[in-house]
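Have a look at the model first.

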Amino acid sequence: MKPHQQRVVDEKQALDGNIDKLYAFFSNPIYSDVPAAEQVRLVRQYSAMRQYSSILGERIEAFTD
């Protein structure tokens with residue numbers, strides 16, 4: 001794998017780890033203490049992160065083409 005491709009793989013792995021942590025936070029009792037507007041922003045952030053991860057996955061799949 002070329003260095004620039006490995007960086008994309010590494011970025012996706014790190015992003016997926018952060019996605020998992022954010023998703024876990026939604027089940028944490030602390031989350032219910034977060035103001036509603038911030039909860040909405042966190043959910044939007046989660047959605048955007050998942051979309052970004054999906055795009056990175058598509059790019060990684062294209063490396064083998």
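## Ground rules

Angles under 35 degrees count as roughly parallel, over 145 as roughly antiparallel, 65 to 115 as roughly perpendicular, and the rest as oblique. This is a predicted model, where local features need pLDDT of at least 70, side-chain atom pairs count only at pLDDT 80 or more, and totals for chains, interfaces and linings use all residues. Residues are numbered from 1 along each chain as its sequence is written, and side-chain values use heavy atoms, with hydrogens and water left out.

## Helix 1 against helix 3

Helix 1 (residues 3–25) packs on helix 3 (residues 36–62) at about 155 degrees, with the axes 10 Å apart. That's why the two helices count as roughly antiparallel. Their contact (heavy atoms within 4.5 Å) includes Leu-15, Ile-19 and Leu-22 of helix 1, plus Tyr-46, Met-49 and Leu-56 of helix 3. By type, the contact residues split into 13 nonpolar, 4 polar and 5 charged.

## Salt bridges

There are 2 salt bridges here, each needing a Lys or Arg side-chain nitrogen within 4 Å of an Asp or Glu carboxyl oxygen. Lys-12 pairs with Asp-16, the closest N and O atoms being 2.7 Å apart. These two sit 4 residues apart in helix 1, about one helical turn. Lys-12, at 18% relative accessibility, is buried, while Asp-16, at 24%, is partly exposed (buried is under 20%, exposed over 50%, partly exposed in between, using a 1.4 Å probe and protein chains only).

The other bridge joins Arg-41 and Glu-38 at 2.8 Å, N to O. Both lie in helix 3, 3 residues apart. Arg-41 is partly exposed at 44%, and Glu-38 is partly exposed at 30%.

Note on methods:
Axes fitted to C-alpha atoms, helices over the stretch in contact; angles between N-to-C directions. Nonpolar A, V, L, I, M, F, W, Y, C, P; charged D, E, K, R; others polar.
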